[in-house]
Amino acid sequence: MRILVLGSTGFLGRHITEHLRALSGVRVLRAGRSPGADLRVDLTAAAVPALAADLRALAPDAVVNCAGAVGGGPLLLAETNARGPALLCEALTAADIAVRLVHLGSAGEYGANAGQPLGEASATCPQGAYGATKLAGSLTVAEAPLDAVVLRVFNPLGPGSPGTSLPGRLADELLRAGPDGTVRVGDLSAYRDFVDARDVARAAALAVTAPGPLPRILNVAGGSATQVREIAEGLARISGFRGRIAETGTGSQRSSAVSWQQADISAAATALGWRPERTLATSLGDLWTSRTGTPPTPLPA
């Protein structure tokens with residue numbers, strides 16, 4: 001089985017690529033702007049005919065689109081998150097090859113909710129350009145005349161979490177502050193649904209290989225709401241931090257308008273046989289180890 005992965009150098013893309021490569025009988029092809037890619041393409045600028053010809057020549061059995069932008073201004077967000085998936089769908093349609101498309105969406109597409117778990121049929125009301133552009137891309141995939149599924153990923157964390165994410169930023173701030181310093185962060189009172197990136201990778205692999213058509217949108221999340229403060233306190237314990245966490249800094253504009261979010265993940269369990277396997281403690285411990293190269297400080301019994 002030949003699987004083409006776009007965005008394989010990003011946080012989730014790296015985990016998905018690694019997981020797919022470990023599967024028997026799978027050959028992973030990488031698509032992107034890097035010189036070593038099997039397919040050199042920039043979805044923000046490519047043309048449909050050229051990409052369709054390249055896809056026809058590669059003849060992948062599945063395509064996993066992990067390409068996306070979380071910042072960089074409204075034009076980059078629109079080009080990457082909205083135009084990119086639209087271009088890919090049109091090119092796959094024009095290529096006329098039997099292929100399954102697995103596209104990574106975002107919890108940001110839902111926006112705020114009224115304290116109830118979010119199912120795939122819940123209303124979408126994104127709170128900014130990021131969520132709006134991700135929603136545009138996901139809707140394009142969901143409505144395309146293709147064998148396609150959107151995995152709407154909630155807040156991923158784990159080894160290699162980028163500094164642009166809250167867990168990654170907290171780990172970096174703890175390292176900078178030292179064991180007795182002060183870490184300044186934004187308000188940590190919001191609740192989020194966290195999921196390990198390796199569990200996301202397993203969901204993507206199941207979506208690639210599942211027989212028959214899949215629902216057009218599936219939530220991929222931990223299935224519970226965790227206060228963000230628990231992430232900070234958990235990393236502080238793991239790192240041996242004895243200083244002060246001051247919630248006086250600037251928080252993320254991308255998510256500040258959403259105070260509570262939790263996913264209903266029953267559809268993914270039914271369609272893919274998928275449920276998250278890793279605990280939050282495991283994800284945080286492995287995140288810290290990936291930053292420092294050392295195991296986390298043992299917690300008291």
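Reader: In which strand is N219 found?
Author: Strands (DSSP E runs of at least two residues) and helices (H or I runs of at least four) are numbered from the N terminus. This is a predicted model, in which local features need pLDDT of at least 70 and side-chain atom pairs count only at pLDDT 80 or more, while totals for chains, interfaces and linings use all residues. Residues are numbered from 1 along each chain as its sequence is written, and side-chain values use heavy atoms, without hydrogens and water. Residues 217-220 form the strand that holds N219, namely strand 11.

Reader: Is N219 buried or exposed, and which residue does its side chain join in a polar contact of 2.8 Å?
Author: With a relative accessible area of 0%, N219 is buried (under 20%; exposed is over 50%, and partly exposed lies in between, with a 1.4 Å probe and protein chains only). Leaving aside neighbours within four places in sequence, N219 is in contact (heavy atoms within 4.5 Å) with residues including L118, E120, R152, F154 and D264. A polar contact is a pair of N or O atoms within 3.5 Å, one able to donate a hydrogen and the other to accept it within protein, and residues adjacent in sequence count only if both atoms are side-chain atoms. The side chain that makes such a contact of 2.8 Å with N219 is that of Y110.

Reader: Which residue has its backbone oxygen 2.6 Å from a polar atom of the R100 side chain?
Author: R100 is found in strand 5, and this arginine counts as buried because its relative accessibility is 5%. Not counting residues up to four places away in sequence, R100 touches D61, A62, V63 and D147, among others, as well as a run that includes A207, V208, T209 and P211. The backbone oxygen that lies 2.6 Å from a polar atom of the R100 side chain belongs to A210.

Reader: What is the phi of D96, a residue other than glycine?
Author: D96 is found in the loop between helix 3 (74-95) and strand 5. At 68% relative accessibility, D96 counts as exposed. The phi of D96 is positive, near 55°.

Reader: At roughly what angle do the axes of helix 5 and helix 7 cross?
Author: Two packed helices are described by the angle and the distance between their axes. The contact is made by L166, P167, L170, A171 and L174 of helix 5 together with V228, I231, A232, L235, A236 and S239 of helix 7. The axes are lines fitted to C-alpha atoms over the stretch in contact, with angles from 0 to 180 degrees between N-to-C directions. Those of helix 5 (residues 166-177) and helix 7 (residues 228-239) come within 10 Å and cross at roughly 40°.
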